[in-house]
Each structure stands twice: as structure tokens, then as C-alpha cells.
Amino acid sequence: MSTLLLSTSPSNYCVPSSPFSQHRITILVHYTKQHKPLRNHFIVLSFSASSSTKDVWRKTTTPPSSLKTPPYRRKQQSSYLDHSVDMDELLSSIGQTTNEHELFALMSPYKNRNLSMRFMVTLLSRESDWQRSLALLDWINEVALYTPSVFAYNVALRNVLRAKQWGLAYGLFDEMRQRGLSPDRYTYSTLITQFGKEGLFDDALSWLQKMEHDHVSGDLVLYSNLIELSRKLCDYSKAISIFSRLKSSGITPDLVAYNSMINVFGKAKLFREARLLVKEMRSVGVLPDTVSYSTLLTMYVENQKFLEALSVFSEMNEVKCPLDLTTCNIMIDVYGQLDMAKEADRLFWSMRKMGIEPNVVSYNTLLRVYGEAELFGEAIHLFRLMQRKSIEQNVVTYNTMIKIYGKTLEHEKANNLIQEMQNIGIEPNAITYSTIISIWGKVGKLDRAAILFQKLRSSGIEIDQVLYQTMIVAYERAGLVAHAKRLLHELKRPDNIPRETAITILARSGRIEEATWVFRQAFDAGELKDIAVFECMIELYSRNRKYTNLIEVFEKMKGAGYFPNSNVIALVLNAYGKLQEFEKADMVYKEMQDEGCVFSDEVHFQMLSLYGARRNYEMVETLYQKLDSNPNVNKKELHLVVAGIYEKANRVNDASRIVNRMTYRGTMRS
């Protein structure tokens, strides 16, 4: 047989060599039939991961039409002899073959047997080895001359995807079409799900686009899986884009999908959109449940919007939505943050009456509330009560108590707690050590803090950004600026912490040059997997008016496949504006909207301001009219922004028109 030629470009997917692939990598080598059972021409495989069209195969001798079903395919039989073949025994024999020749020889007695396609697909589905399954598929199509089946190809696709043979998956898909088969929902669902699970999200989305182009309808499960995958990858803009596609395809999201999207909008800091989803749920007959409200509460608490959380909790009680353990724990924290220690105390002690048993998180949260309210006696009493009642205590419990002792500068008691927790098998973590270092720094025991920090570094314990920053602050408080600078300089070549952590520490400390150097090194090495690192660098450059560097990071962020959130887009648009690159700002604004990004009002208003700065009043008016018709945009702010743009340009009549329109509509009223 002829040798298969593969592209050797490092950007291409690789196909491993094996006994099956030494002669021919299963289906990838196709031979022209000249009224013979075997084929004698080959295909050159050239697959590029960066190709937008995913053109996997390029024939050198045989046109694609040769893969069409030939006229001498076996005709469908009215009866079959499936029951006469022991499938388990046949599978066992197939498993003993070591190359394609052996497998074809083993299957030769069945070439003219009346075995149904259903039997062959079942046989194919039970063969877990991807190479044997492809060889078997080739025997079915090219030797036994069955009419090609989309079910058989779907099984083969599943097997190669499980083996992470991405190039072969593209090849199989292309071959299906060359044989006149139409990929179905299962085909696309398998491709989208498997590529998505491996983080190849751009590929997964390209399959989704092909599916939509082929007018193959997706289902709720498929879209929900994509949303969940993007959420886990913290790519919230993509999740929002997919959710928009779900709804535009006519599918009504279910409770799980809505709850996932409340979480996504919250993570993307699109609070109003998350809140509006609850109203939308009611309008389509999907009643928000405890998870819906708990997710909203979590969103507000994570962003320190405690009054909004209190409002959600009130609504939850009004609609008689049952509370659960998570809700109670969140609200104990909210009450504490709002200096409502009595309400937190009351909710905690009423949990059992509602049939909810407090857990260690409940106790830890109330401990922290007591500490913040300086109810030190109550905190110590609750801490010892947990021990008397044998309620599990963990590292968070002890960290909270150590911090409480730190408030009263009782550093010896704090140190004793570290000994106590170690004696009962609870290992201190970075927060434990950073807390005690901070306490020692406050009471003037800097020598003890420095010794502990050095011991931790040499012990191999992971030094996180909190611990590092705590030591830097301790040095600076003591006036030892040189020591603080030395720690910051060491982060340029971190040997005991991940580079992503080093970048975050340097960026938050305002060390632009060092953060830039480590960022570029880490990016070139392919070590940046967290979208938050890109966001942190963009915020650093924005604060320090390094707009060219900001755009550089943004381009790298997009190139790595990350979707920016609304806040990042606002900073990028501002940077383009400062650099007088208005066309690029306009392009990014429209591109991100086309991708399905949901912008906060500030982003839209910023784009209006950029159009105004460029004196493109036609675009100001166009965008204004578009936003004015959007029910989710704050109309009062919109009118004030547009009126301000016209007033600044001395276009008094236009400014007056906008103000009059605002007054007429009553949007001036609060």
C-alpha cells in the first residue's frame, strides 16, 4: 500500500503511528476502485488548526466524487442472518488483530453474508479502539460495500473524539459529506461536546456555526452543555452569546439553563441583566426557585452589593420561596456586612426551627460577623460551643478566630491557636500564615514575621499572592522599603509560585515593568490559562495610562480565544479613544456585539462619546436611536450623555431637542 503523507507543521494536529497506521491510517487513505476490492491511490492529509475552513483532505489523484456510493453497492436484504453470528466472539477476535490486513482477513467470511447494517453499527459501537473501529468502518464501506450510514460514521466519530484524534474527526466529517451523507444532530452534538470538553472552544463554536448553516436544529441539552462549558472556562461572553443563539432558535430555556445564565451574568458583572432574567423566567412560565435566588444573592455578595442582596431576600420571602442552607449562610453574611449582627444572630438560631441544620459554614460565618461587630465574647463562646458539641471545625474556623485575636492584638493567643489546630490535625494554610504575619507586623514583631516567611518559602509551601502581599505591606509599614522592593523584584523570576500568581501580585502592586516582563514571558511559554490575568494587566495599564500596552494585552487575550467582559471592553474603547484610533474602537464595539457580548450602559455611552469626539454626529444619532429603543438601557443617563455631546460641540439645537424629548417623556424624574 502507498504511504500516507502528513503535514509536519507544529501547529497541525498529530496522528500517532501504530500497527494500523503504519500501512494506512484507517479511513484517511482512500483508494480508487477499479473493480477491485482494494484501493491503490492515496490522499495527502493537510490539516491546520488555524484554518478557518477546516479543509482536512486534499486529494492528489482521486476526485471527491469517487467516494460517492457506487452503483454496485449491495442492495438492502429483506431478511438477515444476524442471529447466527456470535457478536461477543467476533469482537474478541477483532481485538486480537494488530493491523488492517489482519482485520480485513478476519472479516472476509462475512463479506457476502446477509448481516444487517444494524448489526454492523452495533459491532462498530462495541469496538472501543479508535483505530480498529475506523478500519472496521472502512471494511463496511469499501469491502463489504454496504451503503454508507450516518449512524456508522457517528459511532466512529465518537470513538476518535474520545481518543482526542481531532484531525481524524475533521476527516471523518468531510468524508461523510463526500459520500453524500448529511450530518445529523447527534453528529454535531458529539463534535461540539467533545471539542468543548477539551477546551477547544473555538472549534466547538465553529461546529455550532456549521450546524446552524446546515439548518440542523440544536436542542436544549446541546446549548446548555455549551453554556456550562463556557461558564467553567470563565468565558462568560461566549456563554451569553450561546444563550442568545438558544433563544433565537426558538428554544425556551428551562430552569437549569436560566439558573446557569443568572450565574453567568453575575460573573460577568452584568447585574441588571441577571436580575431581569428572573422577570423573563416568570413571563415564559418558568418559576424561579431557591437556586435562582441563591445565585442572585451570591452574585451581589461577591460584588459587595449587600443592599441589593437584602432586596432579593425580601422578594424571596414575599413569593414564599423556601430557604435552604446556602441561602441562610449567605444572608448571615449579608446581615453582618450591613452591621446587622442581631438579625444575623436571629437567623442563625432560627435555622433549626425551619428544618435547616447549620453546618460548619454557618458557624464560621456567624463567628466572622461577631468578630466584625467586635462581639468578642460571643465569638469565643460560639467557638468553644462548637468544640463542646463536637461540631466539625476546619481551617476557616481557626483562621477566623486568629483574625479576631488579631483585632485585639492578642498575638500570643493567636499563636496558641495555630498550635492547637496543628495538634488536632488541621493544617494551617496561606491565609493562616498571612494573618499571623500581619498581626506580628502590627505589634512590632517584624523579626518573627520575616523568619516565618522565610521558613515558609524554604519549606515548599505554596506562597499565594495574599501571603506575599502581606509580607510586602509588613516591610513597608516598618519602613523597610528596600526589603519590600527586593520581594517585588524576586517575582520577575518566580521559582516557588506560578507565574500567573506573580503577575497578579506585581500588577496589583503597581509594578508595571516587572508585571509586563513576567506577563510576556508567561504568554510566550503558553502558561496563561486564567482570563483574570489578562483582565488584571488591562486594568493595570488603564490606571497608568499605558494605552498601547493595554491594546497589546487585549489582542493577546483575543488571540488566546478569551472573550472580554463588559468592563474590559470599556477600558479598551477608552484606550483606542486616547490613541485617536476611533475606527478600531468602532470595529471592536461592533465585533463584540456581533459575537453576542452583552454590554453595560457605560460601554454604549463611551462609544457615543467616541463618536462625538470624532465629530461623527451621524453615528451619534444612529446609536442614540438604537439605544433609545432598547428597554434595558437607562433612558435618563442616555439622554444626558447625548445632550452633553451636542452641548460640548456647540450644537445647541440638537442638545435642546434631546433635553426636550427627555422632559416630555418624564425621564427627568427619578
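Biologist: Which residues do ring pairs link into a cluster?

Modeller: Glad you start there; please keep in mind that this is a predicted model. Aromatic pairs number 15 in the structure. Ring pairs join several residues into a cluster, and its members are Trp166, Tyr170, Phe173, Tyr188, Phe195 and Trp207.

Biologist: Which residue lies over the face of Trp207?

Modeller: Trp207 belongs to the cluster linked by ring pairs. Over the face of Trp207, at 4.9 Å from the ring centre, lies Lys210.

Biologist: And how far from the ring centre of Tyr617 is the charged end of Arg651?

Modeller: Here the residue over the ring is an arginine, Arg651, and the ring is that of Tyr617. The charged end of Arg651 sits at a distance from the ring centre of 4.3 Å.

Biologist: Back to ring pairs: is the pair of Phe271 and Tyr300 stacked, edge-to-face or tilted?

Modeller: The two ring centres of Phe271 and Tyr300 are 6.3 Å apart. Planes under 30 degrees apart would be stacked and over 60 edge-to-face. The planes of Phe271 and Tyr300 stand at 35°, so the pair is tilted.

Biologist: How many residues apart are Phe271 and Tyr300?

Modeller: Both Phe271 and Tyr300 are buried. Phe271 is in helix 13 (residues 271-283) and Tyr300 in helix 14, so to speak a link between distant parts of the chain. Their separation in residues is 29.

Biologist: What about Phe383 and Tyr398: stacked, tilted or edge-to-face?

Modeller: Phe383 lies in helix 19 (residues 376-388) and Tyr398 in helix 20 (residues 395-407), 15 residues apart in sequence. Phe383 is buried, as is Tyr398. Their ring centres are 5.4 Å apart and the planes are at 90°, so the pair is edge-to-face.

Biologist: Is helix 12 roughly parallel or roughly antiparallel to helix 14?

Modeller: Helix 12 (residues 255-267) packs against helix 14 (residues 290-302) with the axes 9 Å apart and at an angle of about 5°. Angles under 35 degrees count as roughly parallel. Helix 12 is therefore, relative to helix 14, roughly parallel.

Biologist: How many residues of that contact between helix 12 and helix 14 are charged?

Modeller: On the helix 12 side the contact includes Leu255, Ile262 and Lys267, and on the helix 14 side it includes Val291, Met299 and Glu302. The contact residues divide into 5 nonpolar and 5 polar. The number of charged ones is 2.

Biologist: Is Asn415 buried or exposed?

Modeller: Asn415 is in helix 21 (residues 411-423). Leaving aside residues up to four places away in sequence, Asn415 touches Ile436, Trp440 and Arg448. The relative accessibility of Asn415 is 16%, and the cut-off is under 20%, so Asn415 counts as buried.

Biologist: How far apart in space are Leu276 and Asn632?

Modeller: Leu276 sits in helix 13 and counts as partly exposed at 28% relative accessibility. In sequence, Leu276 and Asn632 are 356 residues apart. In space, C-alpha to C-alpha, the distance is 8.8 Å.

Biologist: Where is Lys164, and what is its phi?

Modeller: Most residues other than glycine have a negative phi. Lys164 is in the loop between helix 6 (150-162) and helix 7 (166-178). Although Lys164 is not a glycine, its phi is positive, at about 60°.

Biologist: Is Arg615 exposed or buried?

Modeller: Arg615 has a positive phi as well, near 60°. The loop between helix 32 (601-613) and helix 33 (617-628) holds Arg615. With a relative accessible area of 61%, Arg615 is exposed.

Note on methods. Residues numbered from 1 in each chain as written. Predicted model: local features only at pLDDT ≥ 70, side-chain atom pairs only at ≥ 80, totals over all residues. Heavy atoms only, no water. Axes fitted to C-alpha atoms, helices over the stretch in contact; angles between N-to-C directions. Helix = DSSP H or I, 4+ residues; strand = E, 2+ residues; numbered from the N terminus. Parallel < 35°, antiparallel > 145°, perpendicular 65-115°, else oblique. Contact = heavy atoms within 4.5 Å. Nonpolar A, V, L, I, M, F, W, Y, C, P; charged D, E, K, R; others polar. Phe/Tyr/Trp six-rings, centres within 6.5 Å; stacked < 30°, edge-to-face > 60°. Buried < 20%, exposed > 50% of the residue type's maximum accessible area, 1.4 Å probe, protein only. Lys NZ or Arg CZ within 6 Å of the ring centre and 35° of its normal.
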